[in-house]
Amino acid sequence: MAIDTNVLDTVRPSRRTVVRGAAWSVPVVSMAATAPAFAASCGATTYAYTLDWNTATINTSTSGNAVTATTSITGPAGSSAILATFKSTTTGSVTRDSDNLTVSSETNVGNLGGKALNISHSSPITAGSGNRQTVAISFNRAVTGLNFYISDIDSSLTNVGSQRNPVYSGWWDRVSLTGTYTPNRDTNLRGSGTSNDPWYYNDSDTNVGNEAAGARVKVTYSGTIAANTTITLEYWTTQAGGNQRIFLTDFGFDAKGC
């Protein structure tokens, strides 16, 4: 029986087809080989990151009682950005001021030479830890050696009534923070930073000022805070009537590049 060579030519691939298929396969192999190498490189290297409030961009969303602020922290060349989240909730009679979880207008907060994040309550404030703001802080990648200042932990007691029937308006900040950290507080501050023994100024009527030293505590978490694990700050007053404010300064920490 005769063989139809035209059929064979149709079935058999031409040399050009084989070569063209081989040429297309080379980049695929190359990309597969290089992609894991990049991932291994950035994931094996530790970088120093700084959340600088002078240049930070904050995105805010609200859901019920919760206000969430996020900001992206850019690392050195070769690393990818880390997302920091600040989630605020309130308990009791607390009204957050309009600039809460925004960057301060002050440029030398705590006499540290930069801007900071506002944590603020509007007037009139109500005394007692049952009236507080809670800010949960987390990162989308594990961080080590986190450090920052909490600034402007002070007080004010102003007589706005008569001598016979005085009415006082002011605040006396109380601040607590969770986690395992080393605190380094200014000498006028008292307390250990727990809910039962919060930081506070040593008298009831010293308004230190937003851009002054003397009312700060620096906290350093020497260990690692796992990804999406929160540390929690609580803020309230034991003296009612005015408004109140503290600041969180720049955050520094180390983290893997990706």
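Good morning. I begin with the residues around the largest cavity, whose lining consists of Ser93, Val94, Thr95, His121, Ser122, Pro124, Ile125, Thr126, Asn131, Thr237 and Gln244. Please bear in mind that this is a predicted model. The volume of this largest cavity is about 40 Å³, and the structure holds one cavity of 30 Å³ or more.

Serine 123 and proline 124 are joined by a cis peptide bond, with omega at about 0°. Proline 124 is placed in the loop between strand 5, residues 117–121, and strand 6, residues 132–139.

Two further residues have backbone angles to be noted. Asparagine 111 is not a glycine, although its phi is positive, at about 60°. This asparagine 111 belongs to the loop between strand 4, residues 82–91, and strand 5. With a relative accessible area of 47%, asparagine 111 is partly exposed. Aspartate 152, also a residue other than glycine, has a positive phi near 70°. Aspartate 152 is located in the loop between strand 7, residues 143–151, and strand 8, residues 155–159. Is aspartate 152 buried or exposed? Its relative accessibility is 4%, so aspartate 152 counts as buried.

I turn now to the aromatic residues. How many aromatic pairs does the structure hold? There are nine aromatic pairs. In one of them, the ring centres of tyrosine 181 and tryptophan 199 are 6.0 Å apart and the planes stand at 50°, so this pair is tilted. Tyrosine 181 occupies the loop between strand 9 (168–177) and strand 10 (182–185), while tryptophan 199 occupies the loop between strand 11 (189–190) and strand 12 (200–201); the pair therefore ties together parts that are 18 residues apart in sequence. Elsewhere, Trp53, Phe86, Phe148 and Phe251 form one aromatic cluster.

The charged end of arginine 174 sits over the ring of tryptophan 172, at 4.6 Å from the ring centre.

Arginine 174 leads us to glutamate 234, as the contacts of glutamate 234 include Arg174. Where is glutamate 234 found? It is in strand 14, which covers residues 231–237. Glutamate 234 counts as buried because its relative accessibility is 16%. Its side chain is joined to that of serine 195 by a polar contact of 3.3 Å. Leaving aside neighbours within four places in sequence, the residues in contact with glutamate 234 are Arg132, Gln133, Thr134, Arg174, Val175, Ser176 and Ser195.

Finally, I consider threonine 206, which lies in the loop between strand 12 and strand 13, the latter being residues 217–225. With which side chain does the side chain of threonine 206 make a polar contact? The partner is aspartate 203, at 2.7 Å. Apart from neighbours within four places in sequence, threonine 206 is in contact with Asp154, Ser155 and Tyr201. The C-alpha atoms of threonine 206 and tryptophan 171 are separated by 9.9 Å, and these two residues are 35 residues apart along the chain.

That concludes my presentation.

Definitions and conventions. Residues are numbered from 1 along each chain as its sequence is written. This is a predicted model: local features need pLDDT of at least 70, side-chain atom pairs count only at pLDDT 80 or more; totals for chains, interfaces and linings use all residues. Side-chain values use heavy atoms; hydrogens and water are left out. Rings of Phe, Tyr and Trp (its six-membered ring) pair if their centres lie within 6.5 Å; planes under 30 degrees apart count as stacked, over 60 as edge-to-face and the rest as tilted. Helices (H or I, at least four residues) and strands (E, at least two) are DSSP runs, numbered from the N terminus. A charge sits over a ring if NZ of Lys or CZ of Arg is within 6 Å of the ring centre and within 35 degrees of the ring normal. Buried means under 20% relative accessible area, exposed over 50%, partly exposed in between (1.4 Å probe, protein chains only). A polar contact is a pair of N or O atoms within 3.5 Å; within protein, one must be able to donate a hydrogen and the other to accept it, and residues adjacent in sequence count only if both atoms are side-chain atoms. Contact means heavy atoms within 4.5 Å. On a 1 Å grid over the protein atoms alone, a cavity is a set of points where a 1.4 Å probe fits but cannot get out, and a pocket is an open set with protein on both sides within 12 Å along at least five of seven lines; lining residues have an atom within 4 Å of a point. Grid points are joined across faces, edges and corners, and a volume is the space filled by probe spheres set on the points.
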